[in-house]
Amino acid sequence: MPIRTEILSSFYQDSVVLMRIASQIRTRPGVREAAAFMGTPSNHGLLEQIGLATPESKEARPNDLILTVDAESDPAAEGALAAAKELLAQRRQVSESAAEVRPRTLESALRMLPNANLVAISVPGVYAKFEAMKAIKRGLHVFLFSDNVPLQDEIDLKTEAVKRGVLCMGPDCGTAYLNGVGVGFTNVVSRGRIGCVAAAGTGLQAVASRIAALGEGISHGIGVGGRDLSAEVGGMMTLFALEALADDPSTEAIVIISKPPHATVLPRLEAAMAKIRKPIVACVLGAAAPPQSSAVWVETLDQAADAIVALLAKRSWTPRTFGDPPAIRTRWERLRSGGPIVREVLGLYTGGTLAHETHLLLESLLGHEVPNQILDLGDDQYTVGRPHPMIDPQTRTDMILKAGREKAGVLLVDLVLGRGSHPDPAESLAAAVRQASETAKAAGRRLIAVASVVGTAEDPQDLARQVAQLEQAGIEVLPTNAEAARFVALLVKPELAGMLLEEVR
């Protein structure tokens, strides 16, 4: 079991670049695992955790690049290391041929772009406060992609940001739209008149994409990070963002997307919304609407988009279980007629907010009657040393193939398109589902796959082509994540038809 390590001294590379390179190396024949990390203390811990630490790797300093490969043979390991260095060299050649100058400090970057007002920061969490605070004190907005930022650091950064009147988006901020321009993982949507405040991940992407499909656009989508509405942070950036959107003349309506605020924060949130003289929709997943709220409270992401568009159009809106109940009934009856369905659900999600929404829906519909497991594959435990599954789908592919060998009857998945995501995620998902379904069939069992797709017609992956690939693989594609979850509940618990399909009558 040869593990080989090579250290490239003083060779800093962005973590996203390194994850992509490691992902490519893993596909080489004879390679079991590969990692490309800077030699920071946290990354040394990750190498230990995944079993790739070596005496050589432990000598690396924070500015040194560690390349480590676990392979079946010495030639395979050496070939993989050579390939990794070649990929790094190719990237450098591309940068140099494009005459790209890469500033090494905030100061040198501002000399190049003196009019910049936003800094995107992606450094290990332990160093994030130092870099972000420098930007905030210069009066710059911050898009803080870094995760594992200490809670007190977040509090200090946001306190300073509010004091100076700038945004501190994050930490762990993956998505934002500012003046209609996407930052991070974003779908291609038109600039419009709806502003959003969200934790900053797939929930924001799902709402923005559906708003685009309904003919409206986004003025700003401000990510605040998943801890902002905690008791400790106190909703500082959410309240600041709401005030900014209230004062913004290009924003005519507002959507809030979040998990339930802490009990001490909710009154502040309600008071802030009550002061705003613009339509507001609150999608607080897992929370009931407070009495006499000034906002329209909804239960799902698709309802948030539908409701805000209806409010802007000054037309009535009523939540619906399915957009087209007769079509759903036809699909449901077709699948039921194909034979027994194992009453067990496995959800494999790349989007954390989508996974949370599904968990809540299945919990309310199935309770403990039907076994179900909903996994967020973007969680830290699944991304140690690997790219996020929206970038590299291999982790989910492996789990789908395993599902074909085990007892799950219904597989529930999402597919998130847009800038930053895998260029063709449907291809690997469709291939994995085909193989898993054949494996299950050989064992005398049905495996039914149900999916929803977050994306727009303008996304680089081509929404229509992605949906077509899934459908050709026999995957049932539903219009929204909430509809997909409800459809799965119908499959494993047919007695729900009277409630969920009552609109047919």
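In what sense do strand 14 (residues 345-349) and strand 16 pair, and over how many bridges? In this predicted model, the pairing of strand 14 with strand 16 is parallel and extends over four bridges.

Strand 16 (residues 410-416) is largely enclosed by the rest of the structure, because seven of its seven residues are buried. Side chains in a regular strand alternate between the two faces of the sheet. For strand 16 both faces are covered, with V410, L412, D414 and V416 buried on one side, and L411, V413 and L415 buried on the other.

## The chain as a whole

The chain contains 17 helices and 18 strands, and its C-alpha trace spans about 70 × 60 × 40 Å along the principal axes. For 505 residues, a compact globule would have a radius of gyration near 23 Å, and the 24 Å found for the chain agrees with that expectation.

Of the 505 residues, 53% count as buried, while the chain exposes about 22200 Å², of which carbon and sulfur atoms supply 52%. Among contacts between residues at least 6 apart in sequence, 74% join residues that are at least 24 apart.

An open sheet is formed by three strands in the order 1-3-2, and its pairing is antiparallel. Strand 1 (3-8) and strand 2 (31-38) are the edge strands, each pairing on one side only, and the twist from one strand to the next averages 10°. Strand 1 is joined to strand 3 (residues 65-71) by six bridges, and I7 has I66 of strand 3 opposite it.

Helix 1 (residues 15-26) packs on this sheet, where it touches strand 2 and strand 3, and its direction makes about 165° with that of strand 2. Helix 2 (residues 41-49) likewise lies across strand 2 and strand 3, running at about 170° to strand 2.

## Helix 10

Helix 10 (residues 301-312) consists of twelve residues and reaches 17 Å from its first C-alpha to its last, which is close to the 16 Å expected at 1.5 Å a residue. The helix is mostly covered, with eleven of the twelve residues buried; among them are L301, D302, Q303, A304 and A305, as well as I308, V309 and L312. K314, which follows helix 10, has a positive phi near 55°.

## Loops and backbone geometry

Most residues other than glycine have a negative phi, and most peptide bonds are trans. Against that background, S10 has a positive phi near 50°; S10 lies in the loop between strand 1 and helix 1 and counts as exposed, because its relative accessibility is 55%. Q292 is not a glycine either, yet its phi is positive at about 55°. The location of Q292 is the loop between strand 12 (280-284) and strand 13 (296-298), and at 83% relative accessibility Q292 counts as exposed. The peptide bond from G170 to P171 is cis, with omega near 5°, and P171 belongs to the loop between strand 6 (168-169) and strand 7 (175-178).

R138, in the loop between helix 5 (125-137) and strand 5 (141-144), counts as partly exposed at 47% relative accessibility. Apart from neighbours within four places in sequence, R138 is in contact with L106, E107 and L110. The C-alpha atoms of R138 and A84 are separated by 38 Å, the two residues being 54 residues apart along the chain.

Methods:
Residues numbered from 1 in each chain as written. Predicted model: local features only at pLDDT ≥ 70, side-chain atom pairs only at ≥ 80, totals over all residues. Heavy atoms only, no water. Helix = DSSP H or I, 4+ residues; strand = E, 2+ residues; numbered from the N terminus. Expected span 1.5 Å × (residues − 1). Buried < 20%, exposed > 50% of the residue type's maximum accessible area, 1.4 Å probe, protein only. Pairing = 2+ DSSP bridges. Axes fitted to C-alpha atoms, helices over the stretch in contact; angles between N-to-C directions. Contact = heavy atoms within 4.5 Å. Rg over C-alpha atoms; globule rule 2.2 N^0.38 Å. Areas by Shrake-Rupley, 256 points an atom, 1.4 Å probe, with all protein chains shown as cover.
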